[in-house]
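Please look over the sequence and the 3D structure shown here before reading on.

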Amino acid sequence: MKAAVIESVGKAVVTEVPDPTPGPREVVVQVAACGLCGTDLHILQGEFAPALPIVPGHEFAGEVVGVGTAVTELTVGDRVAVDPSLYCHECRYCRTGHNNLCERWAAIGVTTAGGAAEYAVAPVANCVRLPEHIRTEDAALVEPLSCAVRGYDVLRARLGAHVLIYGSGTMGLMMLELAKRTGAASVDMVDINERRLSTAQLLGVSGSATNADELERPQGWDVVVDATGNAAAIQDGLDRVAKAGTFLQFGVADYATRVTIDPYRIYNQEITITGSMAVLHSFERAAELFAAGVLDPEVFISDRLPLESYPQALEQFAAGAGRKIVVTP
């Protein structure tokens, strides 16, 4: 079969690889669409994946075309979105409900072959059947949405909060949509890319700017979310949190990224700084929200490119052009 392969640091190609074979409790999915994510860029840079080469792609959906000998929950022809998370279920973190912090954490498309291919293998337990009205090629959005749902689980957002989000890419826009539905009094957004901000305006953001100084909230925001992973944005966002407010590190930063905190201010103003890592008990809820129309795929997916263009798609994504880019085998 044909697949994208990150062969070495900085090098991605499309080539032929062996067809996958399912284990007893696995299914083979014919991929309809696979989304690109910041994690894929980190893998390209030599981070996250334990070893290269690897077939990337952890945001994908498709049709079941093969089932393992012990699979009864799905049949050939079912359309599914796939949760890429692979946990050991044995370590301390798994046993205390923090599976996303698993000591043996792994993921389809990160540590094992993923969905940037014609076919991919997944545990049957990781597959969520799609309702008839959902287009399979749109359901690649379910995985990133499940990360955003996890982010709001961490925030435990209360009604009437004023929210500031850094970054109006796919994840920032998803956080915007969820903030609107969790009772935020206002949702503002900062991005140095004015073209991306126009999408936030289309989705009904309260205020948008290329610099938070342009927004009228001198007392700060109750909730500040970084969806960029950029050191300058993170540093600025930490300084915008209101008293008793919360800063959520949601964007994936490079390993070497460093910022400065003010311990006395954190103590004196009771500021919470927290993070949200990937997916945790949120994939099924994200699938239900997606089916209910929480996202408009035509707004969120800006580019649908053939699998053969995967290296170019990575370059486009790295350049910050567009919103969600998906490849279609």
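## Pockets, pairs and backbone

The lining of the second largest pocket is made up of seven nonpolar, six polar and two charged residues. The model is a predicted one, and the values given in this report are computed from it. The space in this second largest pocket comes to about 290 Å³. Its lining counts 15 residues, and those closest to the centre of the pocket are Asp83, Ser85, Tyr87, Ala125 and Asn126. Two elements, strand S6 (85–86) and helix H8 (283–291), are the ones that give two or more residues to this lining.

Rolling a probe the size of a water molecule over the atoms shows where empty space is left. How many cavities of 30 Å³ or more are there? The count is one cavity, and the space in the largest cavity is about 40 Å³. Its lining consists of Tyr152, Ala157, Arg158, Ala161, Val163, Ala179, Thr182, Ala184 and Val223, and these residues divide into seven nonpolar, one polar and one charged.

We now turn to the charged side chains. Side chains of opposite charge can pair when their charged atoms come close. A search of the whole structure finds 14 salt bridges, and three of these pairs are listed in the table, with the separation of nitrogen and oxygen for each.

| Pair | N to O separation |
|---|---|
| Lys11 and Glu7 | 3.3 Å |
| Glu298 and Arg135 | 2.5 Å |
| Asp153 and Arg285 | 2.6 Å |

In the pair of Lys11 and Glu7, Lys11 counts as partly exposed because its relative accessibility is 41%, and Glu7 is likewise given as partly exposed, with a relative accessible area of 33%. Arg135 counts as partly exposed because its relative accessibility is 40%.

Asp153 and Arg285, whose closest N and O atoms are 2.6 Å apart, also link distant parts of the chain: Asp153 is in helix H3 and Arg285 is in helix H8, and the two are 132 residues apart. Asp153 counts as partly exposed because its relative accessibility is 30%, and Arg285 is partly exposed with a relative accessible area of 35%. Salt bridges that share partners also join Arg135, Asp138, Glu298 and Arg304 into one network.

The surface carries nonpolar side chains too. Val259, Ile261 and Ile273 form a nonpolar patch there, and together they have about 230 Å² of accessible area. Val259 sits in the loop between strand S14 (241–249) and helix H7 (263–268). Is Val259 buried, partly exposed or exposed? Val259 counts as partly exposed, because its relative accessibility is 33%.

Ile234 is in helix H6 (residues 231–238), and Ile234 counts as buried because its relative accessibility is 6%, with the limit for buried residues lying at under 20%. Ile234 and Glu270 are 36 residues apart in sequence, and their C-alpha atoms are 19 Å apart in space.

Which kind of phi does Arg156 have, positive or negative? Arg156 has a positive phi of about 50 degrees, although it is not a glycine. Arg156 is found in the loop between H3 and strand S10 (162–166), and Arg156 counts as exposed because its relative accessible area is 73%, where the limit for exposed residues is over 50%. Ala278, another residue other than glycine, has a positive phi near 60 degrees. The place of Ala278 is in the loop between strand S15 (272–275) and H8, and Ala278 is partly exposed, with a relative accessible area of 26%.

Note on methods: Residues are numbered from 1 along each chain as its sequence is written. This is a predicted model: local features need pLDDT of at least 70, side-chain atom pairs count only at pLDDT 80 or more; totals for chains, interfaces and linings use all residues. Side-chain values use heavy atoms; hydrogens and water are left out. Patches are made of residues with over 30% relative accessible area and no salt bridge: like charges are joined within 9 Å, nonpolar side chains (Val, Leu, Ile, Met, Phe, Trp, Tyr) within 5 Å. Accessible areas come from the Shrake-Rupley method with a 1.4 Å probe; for residues, only the protein chains shown count as cover. A salt bridge is a side-chain nitrogen of Lys or Arg within 4 Å of a carboxyl oxygen of Asp or Glu. Helices (H or I, at least four residues) and strands (E, at least two) are DSSP runs, numbered from the N terminus. Buried means under 20% relative accessible area, exposed over 50%, partly exposed in between (1.4 Å probe, protein chains only). On a 1 Å grid over the protein atoms alone, a cavity is a set of points where a 1.4 Å probe fits but cannot get out, and a pocket is an open set with protein on both sides within 12 Å along at least five of seven lines; lining residues have an atom within 4 Å of a point. Grid points are joined across faces, edges and corners, and a volume is the space filled by probe spheres set on the points. Ala, Val, Leu, Ile, Met, Phe, Trp, Tyr, Cys and Pro count as nonpolar, Asp, Glu, Lys and Arg as charged, and the others, Gly among them, as polar.
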